[in-house]
Amino acid sequence: MVRRAPTAPRPTPPTTGSESRPCSTTPTTATWRMPYGTVNLLHGVNPGETPVTCTAGIGTFIVEFATLSSLTGDPVFEDVARAALMRLWESRSDIGLVGNHIDVLTGKWVAQDAGIGAGVDSYFEYLVKGAILLQDKKLMAMFLEYNKAIRNYTRFDDWYLWVQMYKGTVSMPVFQSLEAYWPGLQSLIGDIDNAMRTFLNYYTVWKQFGGLPEFYNIPQGYTVEKREGYPLRPELIESAMYLYRATGDPTLLELGRDAVESIEKISKVECGFATIKDLRDHKLDNRMESFFLAETVKYLYLLFDPDNFIHNNGSTFDAVITPYGECILGAGGYIFNTEAHPIDPAALHCCRRLKEEQWEVEDLMREFYSLKRNRSRFQKTTMSSGPWEPPAGPGTFSSPENHDETREKKPAKQKIPLLSCPSQPFTSKLALLGQVFLDSS
């Protein structure tokens, strides 16, 4: 069965301007260039494998795969990730929404609930993070179009409900704990006011139960049957970290304090921290999810550590001078993938290697390491940033903090950073404090 044809020509993407997530995928090219949910790495797709895959599973590759293409010089990884993103974009409904599960062979939507939570979440996350990491305006324009449809059809009183993707009618008036990443994502595009209002809604649920239940019935103000648990997910704390960096609002630290106290009081056991099976009576399950250490604890730590190198706002960086230009490292703007692994966009650009340049690698590396004999050519560079001005035109983004202190240039440490790739001049703009620049300068 072929994909449902739209009633009117659909425009192409504009050219201007957590652990989610419960469905895992391994990419493989199908008829519609969307990946199957599971493949066998030795034998390929199992003959009995279903072609139905969740939206997040299809659209959550661009950050890692574009990085892999940059470091290897092989464009195939980024190409297949972009193709999957484009197929989802082309499959959206006439009112601009995507469903929850799609048949990768036919392009037909199997689950037509549209929302921002489980099964969809990291697709939207990776459009924004991919746009920042790759300085890709098309990916950002795609997200902003989705954002308009999400606001128009799913947002009610700063909550986000589930609706039918073709009609926009409410199908599930629930809040899912996985949706708590959304305020943090809004902060990355500078939509701070809306982000804070939604965050405060979610925080009231936390205070009601000492955690976020997997499903919360918004009209009833209570948990949903068989979805009362809290497996110590990171999403709300992740949003608190992003928003605190953007606003400095002490309410966000209060959430962090409440999270630490709740987790310590309710879930701490002899061998670790147990999943809360039922938030109503705080019964525990005999398991600890991997994302608790990989994400929840990491985001809590970063929330309370404002001087961590991850939060660098570009006021300091390492400049490595090579015969092929200046390479910038550690300038900040780190992009977290959906498992909270940070990627330095400056280092990624520095290590970018085009396939046709691979033959130069040995010569470049020899010349680079020869610079170790002349350490004076490596320097620690700092600069003072003045008042930040937002880009002209529509779409105002919150500015990073101003820095009052002007620091003098300091010589580099004696330990010289070793690059494992040829250096390229670093000309791309970075996102400071996670804010996106959409101007064309």
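Modeller: Let's start with pairing: two strands pair if DSSP finds at least two bridges between them. Strands (E, at least two residues) and helices (H or I, at least four) are DSSP runs, numbered from the N terminus. This is a predicted model, where local features need pLDDT of at least 70, side-chain atom pairs count only at pLDDT 80 or more, and totals for chains, interfaces and linings use all residues. Residues are numbered from 1 along each chain as its sequence is written, and side-chain values use heavy atoms, leaving out hydrogens and water.

Colleague: How many bridges join β4 to β7?

Modeller: Strands of a sheet pair through backbone hydrogen bonds, either parallel or antiparallel. Here β4 and β7 run antiparallel and are joined by two bridges. Ala114 stands opposite Val163 in β7.

Colleague: In what order do the three strands of the open sheet come?

Modeller: The order is β4-β7-β8, with antiparallel pairing. β4 (113-114) and β8 are the edge strands, each pairing on one side only.

Colleague: Is Lys167 buried or exposed?

Modeller: Buried means under 20% relative accessible area, exposed over 50%, and partly exposed in between (1.4 Å probe, protein chains only). Lys167 has 65%, so this residue is exposed. Lys167 sits in the loop between β7 (162-164) and β8 (170-172). Its C-alpha is 7.7 Å from that of Ile95, although the two are 72 residues apart in sequence.

Colleague: And why does Leu293 count as exposed?

Modeller: Because its relative accessibility is 52%. Leu293 belongs to helix α10 (residues 290-303).
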